[in-house]
Amino acid sequence: MNTIERLQQKIKQGDKLQIVCNDSVDKQGFLNMSAYCGVVEYYPEELVITLKAGTKIKEIVAILSENNQALPFYCQNQEKSIGGIYATSGPEFSDNVLGVQIINGEGKLLNFGGQVIKNVAGYDVSRLLVGSKGHLALVTEVSLKILPQRTAERYQTEPKPKNKVSSLHLDFEKKLKQIFDPLGVFI
Amino acid sequence: MSLTSELIRNLPKGLVMVGSEATRPFECDGLSAYKQKPLAVVLPSNLEQIKKVLEICQHFKTPVVTRGAGTGLSGGAMPLEGSVVLGLSKLTRIISIDKERQVAVVEPGVRNLAISEAVDQFGLYYAPDPSSQIACTIGGNVAENAGGVHCLKYGLTVQNVEAIKMLTIDGKELSFSRQDDGIGMLALMNGSEGLLGVITEVTVKLTSKPKIARLVMAGFSSVSDGAHAVAEIIKHGVIPAGLEMMDKLAIEASESFAKPGYPLDAEALLLCELDGVEDEVEEELKQVVDLLSAATTVKISETESERLLLWKGRKSAFPAVGRISADYYCMDGTVPKRYLALVLEKINSLSKYYNLRIANVFHAGDGNLHPLIMYDAGVDGELEKTENCGNDILKFCVEVGGTITGEHGVGVEKLDAMCIQYGEDELKVFHQIKAAFDPDSLLNPGKAVPSLHRCAELGRLHVHNGELPFPELERF
Ligand SMILES: Cc1cc2nc3c(=O)[nH]c(=O)nc-3n(C[C@H](O)[C@H](O)[C@H](O)COP(=O)(O)OP(=O)(O)OC[C@H]3O[C@@H](n4cnc5c(N)ncnc54)[C@H](O)[C@@H]3O)c2cc1C
């Protein structure tokens, strides 16, 4: 079982790491999150669920459906983990992100955002890191806004294709990567 | 050459204001307890002029405070000593409206309500509706990630912005869009409080106007009954367009101000708006009314004017409280909804402890509280007492897993509270983000994120001699 402390230790060793969530990948150079899974907190009336990053979408869907609730974003492959979706999605997903717990490239455990629907304290790092493809930080927990099933369906449409960004934009992304992973651990 | 003479030399006549009298209207924002006059105020009317101002300020290493309408409630647009206020109120052009794609491109100084008015003819509107929407600008909304009464169903600013254009302090043009490949830069700019760049253009999402809207008003004999009804409504799968609550003091103030017909014997009042197509609304209406069994009064709006009147009470709650008190201080904590009643109890006990009246209005559906602490700035020490009371409320919000600000931002006002919300490591990240965009810290410096030094000092204050302030008060 992966614990936060073990994950921190691994990152602190400073070797290049690729974050995955797949039981079949368990060798050097990989950080496999599939065992780091489960619901941390879920109160249906809050419309909020907090999940460990390795939790599979199909498991989340099953838990939510017991209360006629659902994830309000498009997700074709339910075998994926919530951490994986977080790392590869865009605004259609981040619209529902409320908070995130990460381990940065120096092995520090950090918390941004929270478990409430409205929160403007501090820069919105929990939405900033959506789409970071595992290159900026290891995501360990995600808090999401969820919705009743019939309302959630409206948001489950496939996102539009993405556009390339300017080189100036990329320069700023690089600067931000430096903040979260100054040693370049996450590849 | 001095900074002001450079500004005057490079900008058209009348756009630069200097001197105590001319800059007075800009000395504070909606949080008038904090005031500071700037070195100069500049009101550019196009992008080139904004660039010129930034260039001059960068050259003189002079701080720039970007300003929209100045309705902010946390001191975000309050000038800093020796700063230049960059007021964008002249940039009010609606550049384009695309009714098929349901988007509009607007300049940053366009007022929130002006967007909805401009697209009304197409059956569309801009959904986020801060109570200040007649006055506040879209630039200010993005910079604060403003919310409103309807954001439980329709989202905050961040969910309703398609793209923005921004100038960095060194005049570089950046654009961020929801279609960008990569990390969430657009989301980062929402709520960045004027610290990362100057927003020069916003593409907003437009929403189709609902066919009908009905409002249910319910009175309760206790706040916890009201809070329980909120949880039940949501648990049963209804997402109201608005779900607002008021406590007794707020009910009384609003009733005497706007006469909406609120029940004066109620301890708590719930306003629940349902909108959409007729069948759906009727069905949800039945569902909601069934869930209000604990209510002492229930009333459903039968006409549009009745619905608007019931809202008028809530929407004028702030000025209504302003009428019964010399001054009031508006807090903005957010808590998990299951703790609403508990937090209200705590606020009541703090009100007694500090001997300050507090009226509560809140966006109950998303747990966002607006305790209005009434005080008299003319009485020595009363503002300080009020601030302490406010900080204690925010501390409690954080203790139950909430946040110090749901929609008004940190500004200068909640810098101390930020030390409660975040640890040193997170604050360091915030400072690094600022430095990535603005290495010389010229854009609204010192706001939104407290210095580590400040938090360290405060930590020392808070646990003075190992004693917490007010040890007699029960802590959660
Ligand atoms: C009576 C009243 C009711 C209110 N109700 C609500 C409510 O329901 N919900 C809510 O969320 N807020 C509410 N507010 C707060 C306020 O109206 C919002 O924060 C609003 O978004 C501020 O807009 P503004 O144009 O007045 O911005 P300002 O107050 O001028 O500025 C706010 C911040 O944004 C920055 N800024 C402004 N324009 C730009 C730009 N173009 N580029 C970069 N930074 C910029 C400023 O530097 C400052 O930090 C209320 C205020 C009042 C007075």
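**Reading the second largest pocket**

Mentor: The second largest pocket has a volume of about 1,300 Å³. The model is predicted, with local features needing pLDDT of at least 70 and side-chain atom pairs pLDDT 80 or more, while totals for chains, interfaces and linings use all residues. Residues are numbered from 1 along each chain as its sequence is written, chains are lettered from A in the order written, and side-chain values use heavy atoms, without hydrogens or water.

Trainee: Which residues are the closest to the centre of the second largest pocket?

Mentor: On a 1 Å grid over the protein atoms alone, a pocket is an open set of points where a 1.4 Å probe fits, with protein on both sides within 12 Å along at least five of seven lines; lining residues have an atom within 4 Å of a point. Here 41 residues line the pocket, and A:Arg154, A:Tyr155, B:Gln159, B:Asn160 and B:Lys205 are the closest to its centre.

Trainee: How do the lining residues divide into nonpolar, polar and charged?

Mentor: Asp, Glu, Lys and Arg count as charged; Ala, Val, Leu, Ile, Met, Phe, Trp, Tyr, Cys and Pro as nonpolar; the others, Gly among them, as polar. The lining holds 16 nonpolar, eleven polar and 14 charged residues.

Trainee: Is B:Asn160 buried or exposed?

Mentor: Buried means under 20% relative accessible area and exposed over 50% (1.4 Å probe, protein chains only). B:Asn160 has a relative accessible area of 3%, so this residue is buried. A polar atom of the B:Asn160 side chain lies 2.9 Å from the backbone oxygen of B:Tyr154. Contact means heavy atoms within 4.5 Å; beyond four places in sequence, the contacts of B:Asn160 include B:Tyr126, B:Pro128 and B:Lys205.

Notes: Grid points are joined across faces, edges and corners, and a volume is the space filled by probe spheres set on the points. A polar contact is a pair of N or O atoms within 3.5 Å; within protein, one must be able to donate a hydrogen and the other to accept it, and residues adjacent in sequence count only if both atoms are side-chain atoms.
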